[in-house]
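Hi,

Here is the structure I promised to pass on.

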Amino acid sequence: MDDRAAAPAVRSADQQDAIDKLMGLAVFGEKVAARIYYSMAEIKPEFAPLLKKFARMEAGHGAKFLEANKVNGIVADRDFADNELGYLLSQADAHAAAGDFNALAVLQGFIVESLAIATYESFLTIADAYPGTHEVFSTVLAEEHYHVDWVSRYLRLEFFDAEDDFRRLVERVNVQGIDCVGGTMMNISHHLDTICLSGSQCAGAMMDGYAQLLQNVGFEEKAAMKHVVGLFMPLIQKYRRGEKTK
Amino acid sequence: MTDLAVTNGQERLLLTILRSFEALAADQYHRTIGVLLGDEKHHLLEQLDAQVPTDEALETTDLAPPVKHLLTLLRSQDKIQVLIVQGLILELLGQTIYKTVSESAASSPAMRRLCDQGLHANAETRRHVVEALRQEFPQRDNPPGADLLDALIARSGPVLDQLNTLGEGLDQHFGEAFGIHFADLMAEFASELLVVCTGLGADRRRLVGFLTRIMMAG
């Protein structure tokens, strides 16, 4: 039985495939985000009430996206999402098993949220083509910013006067984190182009957004940009050569 | 005159490429914005000419066609074009290359000394470039820096795209020899460019988006 309830807009097969994949990543990515915030809550009970609230918000985002999908004849592509999210989950599980709260904060609160914010912000420019999605994405985007703001404040306090420690943490988490999440950004770039967004603009927004978050916690501007661009460049080169990034 | 000769083949190849670009830049500065052509740049060119007086080291490699194509794209007598593409972008890229090679343990003493001279020339030129950009693009526009960014995007795209094409060849020829990797060069270059341009009022998000689009374009 096809879950596609209605297809109010006329889309090409490529466009339908692209939006199915992108919304699949959004729906199941939000579930992974919920799981990561729950893991963080277990590691630091003093933050558990807030982090569990974040987790419920993320799960709620996934539910809202599913509703929006039904209205718009979109079927979240679970296989695509699982393939993209498997590497992220294994990293998150490893950090959680090590009780590494700070690594999870950088991975989820900075890297994953940067991808989400960059793509959701961009989606708002075409949301009118998908009835009901503008309100959903606006709400979700505001809540993602709320999560990022808390993580930024936490990391600023945690690494107050310890910028070198923060740099080492970021370098350690980024090696796999950007390879994974940045790789997903490259892998969805073509699909973003297909639905009349710009994959490269989204990638640029993610890089700029993530660099700004690093600056907010203590990186110099040049160091932040060099660090982020340096991690993305190998992925971009693979993308340019038509190779899979993950 | 140089008292140390660069004899290593890879070093001579890199110096030949650098000489081609430095010579073109010097010619363009002379014709359009004389203040950018200072004593340090003259001195660098003399040293490069002494070390690699011909293109022989380049001609037999697969880098010759893309390098020549890039040089062709760069030829312009337009003051703003020269200021942005040569003065801003290629000087920053040159700085990155000179710095990387100068710091590479694999570089010969003669190569290191030449690269240090390159850095001196580079710093001298860049001081005037930033001032010239401030004069050409005063921050009276709204939003600030928009005119500079518009000009940079309009004029540098083909050159950056060709640089990107050249990137893989550079990795093959210089990756092992000097530990120069295009990805690292671009990271250093892009971060410098962003800092300079935001210092002149340009919107960083828009510039990062532009650079990402160029780098991702196949």
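Which side chain meets that of B:Glu192 in a salt bridge within chain B? The partner is B:Arg126, at 3.9 Å from N to O; a salt bridge here means a side-chain nitrogen of Lys or Arg within 4 Å of a carboxyl oxygen of Asp or Glu. B:Glu192 sits in helix H8 (residues 182-199) of chain B and B:Arg126 in helix H6 (residues 109-136) of chain B, so the pair links parts that are 66 residues apart in sequence. Helices are DSSP runs of H or I with at least four residues, numbered from the N terminus. B:Glu192 is buried, at 13% relative accessible area (buried is under 20%, exposed over 50%, partly exposed in between, with a 1.4 Å probe and protein chains only).

Before you read on: this is a predicted model, where local features need pLDDT of at least 70 and side-chain atom pairs count only at pLDDT 80 or more, while totals for chains, interfaces and linings use all residues. Residues are numbered from 1 along each chain as its sequence is written, chains are lettered from A and ligands numbered from 1 in the order in which they are written, and side-chain values use heavy atoms, leaving out hydrogens and water.

Now for where the chains meet. B:Glu192 also forms a salt bridge with A:Lys222, with the closest N and O atoms 2.8 Å apart. Another salt bridge pairs A:Asp208 with B:Arg205, at 2.7 Å. A:Asp208 lies in helix H7 (residues 199-217) of chain A and B:Arg205 in helix H9 (residues 204-216) of chain B, so this pair joins two chains. A:Asp208 is buried at 6% relative accessibility, whereas B:Arg205 is partly exposed at 33%. Both belong to a network of salt bridges that also links A:Glu121, A:Glu221 and B:Arg204. Between chain A and chain B the count is 9 salt bridges, and over all chains it is 26.

The contact (heavy atoms within 4.5 Å) takes 27 residues from chain A and 28 residues from chain B. About 2300 Å² is buried between the two chains, with carbon and sulfur atoms giving 57%; buried area is the accessible area (1.4 Å probe) that two parts lose on being put together, summed over both. A:Lys222, A:Met233 and A:Arg240 supply 29% of what chain A buries against chain B, more than any other three residues.

Away from those pairs, A:Arg35 and A:Asp93 meet in a salt bridge at 2.8 Å, N to O.

Cheers
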